[in-house]
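Let's take a walk through a protein model together. Have a look at the sequence and the 3D view first, then read on.

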Amino acid sequence: MNRNLAWIGFMATGLLMLTLAMAVLREPTLQARAADQQLQQAISEGMAVYVEQCIICHGASGEGLVTYPALNIASSMDSETLFKTIERGRYGTQMAAYGVAEGGILSDTQINGLIALIQQGSWQAVYALADAKGVIPPEMVVAEIPEAMITTVSSLPGGEALATGLKLYAENCTACHGVNLEGSALAPALNTETLRVTDSLELVRRIEQGVPGTLMAGWDNAFTDIEVDAVVALIQRWQEVQTAGIAIPVVEAKPLDMSPEAITRGARLFSITCVSCHGQSGYGTQIAPALNNALFLDGVSDTQIHQIIAMGVNGTLMPAWGGRLSEAQINDLIVYMRSWQGSAPVITQPR
Ligand code: HEC
Ligand code: HEC
Ligand code: HEC
């Protein structure tokens with residue numbers, strides 16, 4: 001009996017010690033799991049904010065649209081720099097201050113979520129989320145260049161650079177400078193004698209750094225040195241290229257189409273590119289004024305709206321869409337905004 005009791009006591013003590021030992025062993029794994037759960041939670045919060053607020057400039061895969069910087073390579077930036085950049089923005093650029101402390105809309109938790117996403121998240125998952133929500137930003141206006149034309153250009157002396165320049169120009173510059181460098185309402189012609197005799201280094205500088213305070217952005221983020229040189233070669237040798245029979249096919253701009261289909265297209269485009277700032281159905285947010293507003297709509301012409309959308313509003317958050325949306329897309333947006341006009345409330349906004 002006594003011996004039995006002692007035996008039970010011994011067993012109980014042993015069990016207790018074993019349980020304690022296991023608890024001590026398990027503690028770090030539990031902690032690791034909790035930390036991992038916290039990280040996943042932060043990343044998914046970051047993703048939700050990203051697809052709503054950041055995608056229109058930095059792209060659905062963080063690849064950086066047009067001249068906006070890529071974030072899928074910013075993972076090497078330390079957390080503190082990332083936090084400051086997102087909270088305070090970058091003065092004098094379209095990168096706004098998003099932190100509540102700076103009058104923005106994002107809490108510290110949300111900013112930390114974005115940082116977790118940038119440093120440890122998956123851009124594939126971001127793309128998938130954006131796709132599921134139907135908010136993948138629209139393609140840029142791209143003039144198609146037939147293969148035969150590339151072959152012709154390549155056969156000129158130094159043709160490889162010219163072919164690269166031609167492709168890059170068609171993809172990135174036609175919307176403003178015209179399909180054949182002839183210029184447009186938005187930007188000057190590049191097929192001028194003055195530019196042909198301008199020092200190449202000076203042209204490189206203007207393209208890389210842009211012209212501050214105008215629609216001409218700096219392309220140094222978007223292009224390699226070789227690519228900039230190729231575009232400069234194209235500009236300077238354009239006459240020669242044209243003599244060889246090169247003419248980039250014109251993407252036709254249609255007159256304002258007021259059909260219900262245009263309104264639907266405009267509504268869809270609005271919900272992708274404008275809603276994060278101008279709010280659902282254009283009712284405005286803290287960041288940007290209401291467009292669904294009789295005072296505004298009655299006071300502006302279609303041409304003026306076109307101008308504002310294409311050129312942006314310098315010195316504010318309103319981006320210039322001229323290089324990113326086609327004429328037809330901008331027209332769809334105008335038609336969509338006009339569809340509000342009959343019922344738009346009168347909103348006097350503090351601006
Ligand atoms: C309207 C366009 C626009 C939007 C929207 C935007 N950004 Fe930016 N962002 C920029 C520009 C332009 C820069 C580069 C500023 C500069 O030249 O230093 C930038 C820079 C950055 C950088 C620094 C990248 C680097 O390599 O230096 C980070 C990080 C960043 N943005 C994060 C965000 C996040 C997160 C959001 C969403 C909350 C966001 N941005 C929304 C335009 C935008
Ligand atoms: C969103 C519209 C837009 C896009 C896209 C654009 N530019 Fe420009 N570009 C302008 C404007 C506007 C100016 C005139 C700036 C000024 O007032 O000095 C300009 C000026 C220039 C100049 C200087 C012209 C001069 O006479 O001094 C060059 C060179 C140039 N752009 C090249 C390019 C190239 C190459 C691309 C494509 C990689 C491009 N631009 C894309 C709007 C644009
Ligand atoms: C990153 C935020 C942002 C995005 C995205 C944005 N806007 Fe704006 N927009 C603004 C701001 C800020 C203003 C006010 C500028 C000012 O102070 O004059 C503005 C002004 C405007 C105006 C002039 C309104 C007025 O009362 O004068 C129009 C029109 C407009 N935006 C259309 C659009 C359209 C169409 C889109 C989508 C293609 C768009 N915006 C996307 C921030 C944005």
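What follows is a short tour, from the whole chain down to single residues.

## Before we start

This is a predicted model, in which local features need pLDDT of at least 70 and side-chain atom pairs count only at pLDDT 80 or more, while totals for chains, interfaces and linings use all residues. Residues are numbered from 1 along each chain as its sequence is written, chains are lettered from A and ligands numbered from 1 in the order in which they are written, and side-chain values use heavy atoms, with hydrogens and water left out.

## The whole chain

The protein chain has 17 helices and zero strands. Here helices (H or I, at least four residues) and strands (E, at least two) are DSSP runs, numbered from the N terminus. Of the 351 residues in the chain, 40% are buried. Buried means under 20% relative accessible area, exposed means over 50%, and partly exposed is in between, using a 1.4 Å probe and protein chains only.

Now for contacts, meaning heavy atoms within 4.5 Å. Among contacts between residues at least 6 apart in sequence, 65% join residues at least 24 apart.

## Around ligand 1

A side-chain N or O atom of His58 is 2.8 Å from a nitrogen atom of ligand 1. Arg90 has a polar side-chain atom 2.7 Å from an oxygen atom of ligand 1. The cut-off for such a polar contact is a pair of N or O atoms within 3.5 Å; within protein, one must be able to donate a hydrogen and the other to accept it, and residues adjacent in sequence count only if both atoms are side-chain atoms.

## Around ligand 2

Ligand 2 is surrounded by 19 residues, and the closest are Cys173, Cys176, His177, Arg206 and Met216. By class, this shell holds 14 nonpolar, four polar and one charged residues. At least two of its residues come from each of α8 (174-177) and α10 (200-209).

His177 places a polar side-chain atom 2.8 Å from a nitrogen atom of ligand 2. For Arg206, a polar side-chain atom lies 2.4 Å from an oxygen atom of this ligand.

## Two loop residues

Glu182 sits in the loop between α8 and α9 (193-197). Is Glu182 buried or partly exposed? Glu182 counts as partly exposed because its relative accessibility is 41%. Leaving out residues up to four places away in sequence, Glu182 touches His177, Ala189 and Asn191. The side chain of Glu182 also reaches the backbone nitrogen of Asn180 at 2.7 Å.

Asn293 is in the loop between α14 (275-278) and α15 (294-299). With a relative accessible area of 2%, Asn293 is buried. Its side chain reaches the backbone nitrogen of Leu295 at 3.0 Å.

How values were computed. A residue is near a molecule or strand if one of its heavy atoms lies within 4 Å of it. Ala, Val, Leu, Ile, Met, Phe, Trp, Tyr, Cys and Pro count as nonpolar, Asp, Glu, Lys and Arg as charged, and the others, Gly among them, as polar.
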